[in-house]
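Dear colleague,

I am handing over a structure that you have not worked with before.

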Amino acid sequence: MTDRPFVHLHVHSQYSLLDGACRLPDLVKAATEDNMGALALTDHGNLFGAVKFFNEAGKNGIRPVIGCEAYVAPHSRFDQDPVGVDGRRPYSHLILLCENERGYHNLCELSTKAFLEGFQYKPRMDKELLREYHEGIIALSACLGGEIPRFLRQGKPELALRSALEHREIFGENNFFLELQDHGLPNQKVVNEGLIEIHKETKIPMVVTNDVHFMGQDDFKAHNILLCIQTKMTRAERQSSGKMAYTPEHYFKRRAEMWNRFGDHEEALLNTAKIAERCLFSFDTHSRHYPQFRVPEGEAGLNEYFERVVRQGYQHRIEQGLLKSRHAQKKEDYDQRLEREIDLIKRMDLAGYFLVVWDFIRYARENNIPVGPGRGSAAGSFVSYCMAITNLDPLRYGLLFERFLNPERVSMPDIDIDFCMRGRQDVISYVTQVYGRQNVAQIITFGEMKARLAIRDVARALGMPLSKVDKVAKMV
């Protein structure tokens, strides 16, 4: 145990898809047990785990440092750069850490544009984007895959020096660091010596990191299997290909281990904690930011317009025969339910939310795009039925509004809507046009390897016969 500070600033979780074998609770637990006080998350090219990591770290008294290991195009992000003769993909790595709220917003911009504008094998940004969105971001030169280490490996120290100065110019005097690592990889010693020379010549500060991809040394073999699944290779094929980019040293080292290995670089070790102290960004997990519905001219206000739409819809349902059905409830029951729901929706400031959903469902129906009748807890809302968001009378089926919305509910209400697949993109385009591209996102889903699939994938990586594997998988 050591009292000397060290914070991991280069860490990959399971959100570095098929390349990280660390679960977020395990990372935070290890940092807590070692009294690190802070921890960074820098998954490959994305911020998928940022909110979960922030919440997990906060629960355990760990300062979360939000970041990512970005992919940077060699030229413009719009170029489709050729794969190198050695099979190397056209990008280099760069660690980006959020120092403050501005930094987080800029990192989101960089990540989004990397996916939408620069995607080639990986979501790539370029130095033009880094110049535009550098404010509030601290950058580290990354692993052997970084631009500066690559030049040093290629025996081009002058290009490495030029790249280091360019990065300092982009991010600022105190916001760019040269990253020392030691995982026993070929060329790592040469790269570290080159980085130290650049530091002496330019005074660009250094920082020590360990490129964490799994929790303990014993997890190295399991992580290697994960990479085999990613690359669709067997373990033997991967070994013979020379693509073993990891060693058992890519694990979550304790502070004492890092000080024992890098004790000659005290300032670079101390810089890890100094950087973490500067990273003060935190998510506001309490405020609610509702979609903005533009009330037509001449209307009194949002709540009044919402109420008018609902009451007109209620009258329309009555005209359609709501009260004449043999399953109909008493009119007083419908009236009471309507008043209760309207009152609660207005008190919870959700009128705009309902109007936005009503608006794009109306657009779909007016353009002959089939819309589902409603599913999930939203089918318990009589207001949704009156607004034609759903087509199920909740009183007829005894559905509870409180399952969908109540004052004690912590999370936002969720209205699930099904559109015909042939017209779904038209609806998305309409919402984007009316409410702004920056306010529309499609929800991502993550596939998980459950027991059967994991058995089959691992066996494939081990080169086992499919007939044997299938028997085992079917027993699960």
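This is a predicted model: local features need pLDDT of at least 70, side-chain atom pairs count only at pLDDT 80 or more; totals for chains, interfaces and linings use all residues.

Residues are numbered from 1 along each chain as its sequence is written, and side-chain values use heavy atoms, with hydrogens and water left out.

**The chain as a whole**

The protein chain has 18 helices and seven strands; these are DSSP runs, numbered from the N terminus, with helices being H or I of at least four residues and strands E of at least two. Taken along the principal axes, the box filled by its C-alpha atoms is roughly 85 × 60 × 50 Å. Of the 476 residues in the protein chain, 48% are buried. Here buried means under 20% relative accessible area, exposed means over 50%, and partly exposed lies in between, for a 1.4 Å probe and protein chains only. Among contacts (heavy atoms within 4.5 Å) with a separation of 6 or more, 75% join residues 24 or more positions apart.

**Nonpolar cores**

In soluble globular proteins, nonpolar side chains tend to be buried together. A nonpolar core is taken here as a set of buried Ala, Val, Leu, Ile, Met, Phe, Trp, Tyr and Cys residues joined through side-chain atoms within 4.5 Å. The largest such core holds 65 residues, of which Leu 27, Ile 66 and Leu 96 touch the most other members. Leaving aside neighbours within four places in sequence, the contacts of Ile 66 include Leu 41, Phe 53, Leu 96, Cys 98, Tyr 104 and Phe 283. Another core, of 44 residues, lies apart from the largest one, and Val 310, Val 356, Ile 361 and Ile 389 are among its members.

**Helix 8 and helix 17**

Helix 8 (residues 220–231) packs against helix 17 (residues 451–462) at an angle of about 90°, and their axes are 9 Å apart. Helix 8 is therefore roughly perpendicular to helix 17, a label for angles of 65 to 115 degrees; under 35 counts as roughly parallel, over 145 as roughly antiparallel and the rest as oblique. The axes are lines fitted to C-alpha atoms, for helices over the stretch in contact, and angles run from 0 to 180 degrees between N-to-C directions. On the helix 8 side the contact is made by Ile 225, Cys 228 and Ile 229, and on the helix 17 side by Asp 457, Val 458, Ala 461 and Leu 462. These residues divide into six nonpolar, no polar and one charged. In that count Ala, Val, Leu, Ile, Met, Phe, Trp, Tyr, Cys and Pro are nonpolar, Asp, Glu, Lys and Arg are charged, and the others, Gly among them, are polar.

**Cysteines**

A search of the whole structure for disulfides, meaning pairs of cysteine sulfur atoms within 2.5 Å, finds zero. For Cys 68, the nearest cysteine sulfur is that of Cys 98, 8.1 Å away. Cys 68 is buried, at 3% relative accessible area. For Cys 108, the nearest cysteine sulfur is again that of Cys 98, at 7.2 Å. Cys 108 is partly exposed, with 24% relative accessibility.

**Single residues**

Two residues other than glycine have a positive phi. Asn 35, with phi near 55°, is in the loop between helix 1 (24–33) and strand 1 (38–44), and is exposed at 52% relative accessible area. Ala 388, with phi of about 65°, is in the loop between helix 15 (382–386) and helix 16 (424–435), and is partly exposed at 25%.

Ser 163 lies in helix 6 (residues 157–171) and is buried, with a relative accessible area of 3%. Not counting residues up to four places away in sequence, Ser 163 touches Glu 147, Ile 148 and Phe 151. Ser 240, in helix 9 (residues 235–241), is exposed at 65% relative accessibility.

Arg 4 is in the segment before helix 1 and is partly exposed, at 41% relative accessible area. Residues up to four places away aside, Arg 4 touches Arg 255 and Trp 259. Its C-alpha atom is separated by 53 Å from that of Arg 347, 343 residues apart along the chain.

With kind regards
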